[in-house]
Amino acid sequence: MTTQLQAAQAGTLTEQIKFVSESENLEGELIRAELAAGRLVIPANKLHLRTNLKPSGIGRVLRTKVNANIGTSSERCSIQAEIEKMQVALDVGTDAIMDLSTGGDLDDIRCELLTRCPVPFGTVPIYEVIKDRDVEEIDNKIIHEVIKKQAKQGVDFFTIHAGVLKEHLPLLENRVAGIVSRGGALLAKWMLYHNKQNPLYEMFDDLCDILAEYDICFSLGDGLRPGAIADATDEAQIAELRTLGELTQRAQQKGCQVMVEGPGHVPFDQIQYNMEIQQEICGGAPFYVLGPLVTDIAAGYDHITSAIGGTAAAFYGASFLCYVTPREHLGLPNVDDVRAGVIAAKIAAHAADVARGLKGASGQDRKLSIARTNLDWKTHLAESLDPQTAEKMHREACIETGTKELPSTDYCSMCGRRWCSVRINSEIREAIKRQARVTPS
Ligand code: SF4
């Protein structure tokens, strides 16, 4: 019974490491060494690996990864709708899926999604623990049973809110938004009702044993993440982070892979500090951030506020960006929201990878730029992050300008033929080459 972490520490290049090394075009030994040091994870439940999982790595030496949250609520519950959302997220390139369902038959939904999911699949088991019962009723036995069952179903990573402690709760007194994490709020209520410590913290060693058995990766949840920029980097957030640092070490000592979840709502100028302090406290364990959203006032556009924060986060230390959809704070996302959210997060991740100078990160940018300069619309559109949208917009522009051939080979409707600097540029280049005068348009 060896986990990825134990195998890497013993010097073994596992099949998963070899797969990641090929897909990222990096030396297997580098991946192994980073995994052994706890700075990289490959969330891959042994049982999901036996079916359809294509392993993917998360860590600073790799391309920044993106996660899409899907899932039902008690108000909107359709397995088919969730399958469609997952498919759209996969089509536009999400690297992971989290099922956050809280409505309907959770086992059915999870299993239907998992059998169709070729990327790492995560859940927040405390949601199922709490569903259909009052939060006060939960105990260690119920938690153990749910986590063990989901492990056997093949889930690759679990968000475990073990870092919210009873001692942290008084620190929330002056917060604007209190606790915004669903798991964090429910566990805080349980602690206050029973006047006891967080059960996930108390049974943490037991949880490590389950996760190690299936080689599931911990995603240590930040139950006290700030839900308003006014609460960012406050005492409660940092106190929980210190507990997450302690839990990271404990889980790794038991052979478990660990990533750590982070904020939330953070003003742009505090992002660098937030990334650096997590890396310091958690020994470089991959940081998985929700956003961060850099302002609170963009309801309806939070995929943009989170992409702005996501680029800064991935530049300064995060390895994994959880998408935010335009419908964040307003309602359960639909298929179009999921699509927009994944694309926004992918732009954020890619922009950071380019700025970090990751090997090969800007290759596609160069290819597209050359195509754009040559008015090679076919390559230009195909190399775009979202070719479907790019092609649709180009087609509409061609219709506006009366172009019959698609894709067009000349200008577009933005500037018009006479003003098209790209077309004029090609004339200038040609003239320079021929050492001739430019002819009038
Ligand atoms: S018309 Fe303007 S936007 Fe369109 S290709 Fe030419 S320079 Fe670019």
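How do the residues of the shell around the ligand divide into nonpolar, polar and charged? They divide into six nonpolar, one polar and no charged. Here Ala, Val, Leu, Ile, Met, Phe, Trp, Tyr, Cys and Pro count as nonpolar, Asp, Glu, Lys and Arg as charged, and the others, Gly among them, as polar. The residues surrounding the ligand are Trp377, Cys412, Met414, Cys415, Cys420, Ser421 and Val422; a residue is near a molecule if one of its heavy atoms lies within 4 Å of it.

This is a predicted model, in which local features need pLDDT of at least 70 and side-chain atom pairs count only at pLDDT 80 or more, while totals for chains, interfaces and linings use all residues. Residues are numbered from 1 along each chain as its sequence is written, and side-chain values use heavy atoms, with hydrogens and water left out.

The structure contains 27 salt bridges, each being a side-chain nitrogen of Lys or Arg within 4 Å of a carboxyl oxygen of Asp or Glu. In one of them, Asp234 pairs with Arg175, and their closest N and O atoms are 2.7 Å apart. Asp234 lies in the loop between strand E7 (217-220) and helix H12 (235-253), and Arg175 in the loop between strand E6 (157-160) and helix H9 (182-194), so the pair ties together parts that are 59 residues apart in sequence. Helices (H or I, at least four residues) and strands (E, at least two) are DSSP runs, numbered from the N terminus. Asp234 and Arg175 are both buried. Buried means under 20% relative accessible area, exposed over 50%, and partly exposed in between (1.4 Å probe, protein chains only).

Another salt bridge joins Arg327 to Asp337, with 2.4 Å between the closest N and O atoms. Arg327 is in the loop between strand E10 (320-322) and helix H15 (335-356), and Asp337 is in helix H15, so this pair links parts that are 10 residues apart in sequence. Arg327 is partly exposed, at 32% relative accessible area, whereas Asp337, at 8%, counts as buried. Salt bridges that share partners also join Asp107, Arg110, Glu128 and Lys149 into one network.

The structure holds zero disulfides, a disulfide being a pair of cysteine sulfur atoms within 2.5 Å. Cys208 is in no disulfide, and the nearest cysteine sulfur, that of Cys256, is 4.6 Å away. Cys208 is buried, with 0% relative accessibility. Cys420, one of the residues around the ligand, is buried with a relative accessible area of 7%.
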